[in-house]
Amino acid sequence: VSGFLDFKTDITETLDAHLADKDRGVDTGFSTVDQVLHGLQKGDILTIGARTGCGKTAISTKIMLNMARAGIPCCYITTEMSKAEMLCRVLPIASGVPAKKFNRKELSYDDIKRVNSAVADDLSRLPIKIWAHPSPKIVDIQAAIIQSECRVAFVDYLQRCSFPELRRQDARTYQIADFMLRLKTFCGDSKVSVVLGCQLTR
């Protein structure tokens, strides 16, 4: 067995490396959450779990905007929507125009000005990349993160990802466990954080 951290010989070097890293973690922009997490560190996975229609995508999108406005490169991997549909989720949040009015295209002159302003003065300057795939494998997610050069990746959501086939009665449990292990290992090696949506059924 090798790879120990020996307190007698390694602790000073490890501490110096930690203090030399200028990355202090990434805040979500939600003060209550940030007080608990103290920032998303490299290798962290933050899971947002809720039932259908409870706002997982809305919260993830808001966190992404908060991070990007702070200069943090973000990649949003959506499994339910096209890239254009995802943009239509982002625009109401960024502009402050109610989503219902935006989706129904019932926009007043002032609403249109606010949307155009959000695009020109805010969104077009943000380090955000959106990638859509209906059922990405772990290797697809890894490739998207590497190619986007993001600091934080958003995966929306876990249950729509593709898992390796396992011939066991409780295969789904093992599939998700294997997926999460590989994702966590990749995050640590690549020094990125992931915000992961998770569908709850009960």
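Visitor: Which residue forms a salt bridge with K101?

Guide: D111 does, and the closest N and O atoms are 2.6 Å apart. In general, side chains of opposite charge can pair when their charged atoms come close. A salt bridge here needs a side-chain nitrogen of Lys or Arg within 4 Å of a carboxyl oxygen of Asp or Glu. D111 is in helix α6 and K101 is in helix α5, so the pair links distant parts of the chain, 10 residues apart. Helices (H or I, at least four residues) and strands (E, at least two) are DSSP runs, numbered from the N terminus.

Visitor: What should I know about the model before going on?

Guide: The model is predicted: local features need pLDDT of at least 70, side-chain atom pairs count only at pLDDT 80 or more, and totals for chains, interfaces and linings use all residues. Residues are numbered from 1 along each chain as its sequence is written, and side-chain values use heavy atoms, with hydrogens and water left out.

Visitor: Is D111 buried or exposed?

Guide: D111 is buried, at 3% relative accessible area. Buried means under 20% relative accessible area, exposed means over 50%, and partly exposed lies in between (1.4 Å probe, protein chains only). K101 is partly exposed, at 28%.

Visitor: How many salt bridges does the structure hold?

Guide: The structure holds 6. One of them joins the side chains of R182 and D178, at 3.9 Å from N to O. R182 and D178 are both in helix α8, 4 residues apart, about one turn of the helix. R182 is partly exposed at 35%, and D178 is partly exposed at 27%.

Visitor: How do I read a helix? What should the 13 residues of helix α4 span?

Guide: The expected span is 1.5 Å times one less than the number of residues. For α4 (residues 83-95) that gives 18 Å, and the end C-alpha atoms are 18 Å apart, which agrees.

Visitor: Which residues in α4 are buried?

Guide: M86, V90, L91, P92, A94 and S95 are buried. Their cover includes α3 (56-69), β2 (74-78), α5 (99-104), α6 (109-121) and β3 (128-132). Just after α4, G96 takes a positive phi of about 85°.

Visitor: How do I read the inside? Which residues of the largest nonpolar core touch the most other members?

Guide: In soluble globular proteins, nonpolar side chains tend to be buried together. A nonpolar core is a set of buried Ala, Val, Leu, Ile, Met, Phe, Trp, Tyr and Cys residues joined through side-chain atoms within 4.5 Å. The largest core has 26 residues, and M67, L123, V152, F154 and V195 touch the most other members. β1 (45-50), α3, β2, α4, α6 and β4 (152-156) each supply at least two residues of this core. The most come from α3, with 5 residues.

Visitor: What is F154 in contact with, leaving aside neighbours within four places in sequence?

Guide: Contact means heavy atoms within 4.5 Å. The contacts of F154 beyond those neighbours are S60, I63, M64, M67, C74, C75, Y76, I77 and V195. There is also a second, separate core of 20 residues, including C75, I77, I145 and A153.

Visitor: Which residues make the nonpolar surface patch?

Guide: F30, V33, V36, L37 and I59 make a patch of about 390 Å². Helix α2 (residues 31-37) gives the largest share, 3 residues. V33 lies in α2 and is partly exposed, at 34%. Patch residues have over 30% relative accessible area and no salt bridge; like charges are joined within 9 Å, nonpolar side chains (Val, Leu, Ile, Met, Phe, Trp, Tyr) within 5 Å. Areas come from the Shrake-Rupley method with a 1.4 Å probe; for residues, only the protein chains shown count as cover.

Visitor: What about the backbone? Where does E149 lie?

Guide: Most residues other than glycine have a negative phi, and most peptide bonds are trans. E149 has a positive phi of about 55° and is not a glycine. E149 lies in the loop between α7 (138-148) and β4, and is exposed at 65%. K191, also not a glycine, has a positive phi of about 60°. K191 is in the loop between α8 (171-190) and β5 (193-199), partly exposed at 49%.

Visitor: Is the peptide bond from D156 to Y157 cis or trans?

Guide: The bond is cis, with omega near 10°. Y157 lies in the loop between β4 and α8.
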